[in-house]
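These are my notes from going through one model, entry by entry. I wrote down what I looked up and what came back.

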Amino acid sequence: IDKGQAGSKTVRVNRTAFWQIKCRGEPPPKFTWVHPVHGELSSNDNFTVLTDEYQGGATTTLVIHHAVVEDAGTYSLKAENRNGVEKVDLDLIVLDHLPECDCDMYKRGDKQCSCQHSYTGKDPWMSVLTSSMDYFNSAAL
């Protein structure tokens, strides 16, 4: 297995992630993709698994369509032929949406709202930071 193509991936929710991995071997290896929650993967609405054989090896492609948080984790790829087995683990990180919040900061960009995500809300350090910035900005005038 060409480990140079087998790095970690990061993708946002509802986006597509994919790995395309080459493996040399004669006869061309058979591939198995496994996810710790989804189990052994095959092509369906959520995933596409492809194999392209060529003289002296094969390429496998795993496509994760419209990634969800549950798709995150360590995928295992196994390449196997009569001469042996090789395995590699690949990590997928799925970044979630922004938190659901009805405050003015998300709706209108108002930094003076009082929710926990705001600059003046429940995090006291943000309040200290913004007030010290206001002090220095007004002192410079």
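**Entry 1: the sheet.** I began with arginine 24, which stands opposite glycine 57 in S6. The model is a predicted one, and I read every value below with that in mind. I then looked up how S2 and strand S6 (residues 57-64) are paired: the sense is antiparallel, and there are eight bridges.

**Entry 2: the core.** I looked for the largest nonpolar core and got a set of 23 residues. Which of its residues touch the most other members? The search returned Trp19 and Ile64. I listed the elements that give two or more residues to this core: S2, strand S3 (30-35), S6, S7 and strand S8 (84-95).

**Entry 3: serine 76.** I placed serine 76 in strand S7 (residues 73-81). Is serine 76 buried or exposed? Its relative accessibility is 17%, so I logged serine 76 as buried, the limit being under 20%. Its side chain has a polar partner: a contact of 2.8 Å joins it to the side chain of aspartate 89. Beyond four places in sequence, serine 76 touches Thr32, Trp33 and Val34, and also Lys87, Val88 and Asp89.

**Entry 4: threonine 16.** I found threonine 16 in the loop between strand S1 (9-12) and S2. I logged threonine 16 as partly exposed, because its relative accessible area is 47%. What does threonine 16 touch, not counting residues up to four places away in sequence? I read off Val11, Val63, Ile64, His65 and His66.

**Entry 5: salt bridges.** How many salt bridges does a search of the whole structure find? It finds two.

One joins lysine 30 and glutamate 53, with the closest N and O atoms 3.1 Å apart. This pair links distant parts of the chain, since lysine 30 is in strand S3 and glutamate 53 in strand S5, 23 residues apart. I noted lysine 30 as exposed at 55% relative accessible area, and glutamate 53 as partly exposed at 44%.

I also recorded the bridge where the side chains of lysine 78 and glutamate 80 meet, at 3.6 Å from N to O. Lysine 78 is partly exposed, with a relative accessible area of 31%. Glutamate 80 counts as partly exposed too, at 36% relative accessibility.

Technical notes:
Residues numbered from 1 in each chain as written. Predicted model: local features only at pLDDT ≥ 70, side-chain atom pairs only at ≥ 80, totals over all residues. Heavy atoms only, no water. Helix = DSSP H or I, 4+ residues; strand = E, 2+ residues; numbered from the N terminus. Buried < 20%, exposed > 50% of the residue type's maximum accessible area, 1.4 Å probe, protein only. Polar contact = N/O pair within 3.5 Å; in protein donor to acceptor, adjacent residues only side chain to side chain. Contact = heavy atoms within 4.5 Å. Pairing = 2+ DSSP bridges. Core = buried A, V, L, I, M, F, W, Y, C linked by side-chain atoms within 4.5 Å. Salt bridge = Lys/Arg side-chain N within 4 Å of Asp/Glu carboxyl O.
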